[in-house]
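Please look at the sequence and the structure shown below, and keep both in view while reading the report that follows.

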Amino acid sequence: MAQALFEQSTEATKHRMFNVIKSLKRARLGCLQLEGRRPFETPHFLGITSRGIIPHITQDNFEHQTDISGVYVALEDFIERAPKNVPPLYQYRDANKSSPLRRFIALPEKTLLVLGARRTPPVAAALSNSNTDSTVSVCTSVGFRTLETDHYARAVETLQADIIIGLGDIPYERTLGSKRIETATDRNIQWLEDHIALRKSSSPTTAGSSSVLFASLLPVRCYQQRFFVDHLAERFSDQISGLAIFSTDTLEDLPEELEYLPRLALTSPNSPHQVLRQISLGMDILTMPFITTATDAGIALQFDFPIRKEAHQDAATDVQSLPLGLDMWSAEHVVDLSPLSEGCKCYACTAHHRAFIQHLLMAKEMLGWVLIQIHNHHVLERFFHGIRESLAAETFEHDVIDFTRKYESHLPEKTGQGPRYVFKADHAREQR
């Protein structure tokens, strides 16, 4: 049903980058269409990368063994050499004059590419590394450093991602007082004005760029940043193509003038239950670090949405909720020849079994985490496909209730050590 609705909206989407196909209260079904990319049906999610690559998945496996439609890349992953030395990313030029970033990370041409300043979730900066009127604090592989706002604008325009997240004065993991909100609002307006002015210029850095710009809203209610929101609606409406949301509070009083814009959530939900809640509040595109967190812990995700009929019937007799994932470190899988998840069509489940994957983890073979990561992203692709079908059928609210009753609210606890590099990093952090 959802596919039929998307096909019916093709003509409208050609003339408008984002098209809302159906709304159920605040949740909405839509389609994002950028030139040269396959339609990005929403609600949907972006794969989170580390230095341009989804952890554990090489780009050949990304293209042939996954259905990931879009990725999020952070500039701070590449600029540890700047400004003393020019980062290799800035030195790369593609002969076809396409996106240097896309070619540098070998991302397939049809995959949506989103570029922002910080990872998600970001490492919170200490007060000694706070933002200023012309710089933001970023965390590189060699520690925190300052990134000049005009440098960011020039760099991201040159790299030509499909979607650029405008720089925002976002104080991560801190409560904002009224004066801090006022300061951040002034900075956001100035930074956005400067970035838009750069985009309008005939500078060689922006020539040929087809990127669209998303404005970053502060992680507070809209009435608390009313001055900035009014500027977006009145002065920048024809220059921005979407909103980057850092808190669900922002959606509570989002003005009607900005309703037509797609919303990218950089909010880091830690379970599918939180994903469903954010979609019910009106989020369109989400980033979910819990996928790789589960993979690193050796947990194979196991959940479906909406609940299948046979599972729905079994739920009537179930007293205990089902776990959201399978701990592959458990000794019960040593001789288990079943797939990670019954009925799953991913490469890991169709080509291998639990006993083999459990053996790989115990032997610290990276292939174990590769297979689990492929599976976990497939589970989330299927999860979001089910969400879109549910919205199209107008059964979303009922399906969310069934899902909440069927599954536990949190992912299983980690019992294994994780990959070698993750374990060493965690151990060093504990020692500090």
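What covers the buried residues of α9? The cover includes β2 (27–32), β12 (263–265), β13 (285–287), α10 (290–296), α14 (366–393) and α15 (396–406), where covering rests on contact, that is, heavy atoms within 4.5 Å. In α9 itself, which spans residues 272–280, the buried residues are P272, H273, V275, L276, Q278 and I279; buried means under 20% relative accessible area, exposed over 50%, and partly exposed in between, with a 1.4 Å probe and protein chains only. Just after α9, G282 takes a positive phi of about 115 degrees. Helices (H or I, at least four residues) and strands (E, at least two) are DSSP runs, numbered from the N terminus.

The model is predicted, and local features need pLDDT of at least 70, side-chain atom pairs count only at pLDDT 80 or more, while totals for chains, interfaces and linings use all residues. Residues are numbered from 1 along each chain as its sequence is written, and side-chain values use heavy atoms, with hydrogens and water left out.

## Where α13 meets α14

The axes of α13 (residues 354–362) and α14 come within 7 Å and cross at roughly 130 degrees, the axes being lines fitted to C-alpha atoms, for helices over the stretch in contact, with angles from 0 to 180 degrees between N-to-C directions. On the α13 side the contact is made by F356, I357, L360 and L361, and on the α14 side by L367, G368, W369, L371 and I372. These residues divide into eight nonpolar, one polar and no charged, where Ala, Val, Leu, Ile, Met, Phe, Trp, Tyr, Cys and Pro count as nonpolar, Asp, Glu, Lys and Arg as charged, and the others, Gly among them, as polar.

## Salt bridges

A salt bridge is a side-chain nitrogen of Lys or Arg within 4 Å of a carboxyl oxygen of Asp or Glu, and by this rule the count comes to 24. One of them joins the side chains of K25 and E397 at 3.3 Å, N to O, and this pair links distant parts of the chain, 372 residues apart, with K25 in the loop between β1 (18–24) and β2 and E397 in α15. K25 is exposed, with a relative accessible area of 71%, whereas E397 is partly exposed, at 46%.

The side chains of D304 and R382 also meet in a salt bridge, at 3.2 Å, N to O. D304 lies in the loop between β14 (299–301) and α11 (309–315) and R382 in α14, so the pair ties together parts 78 residues apart in sequence.
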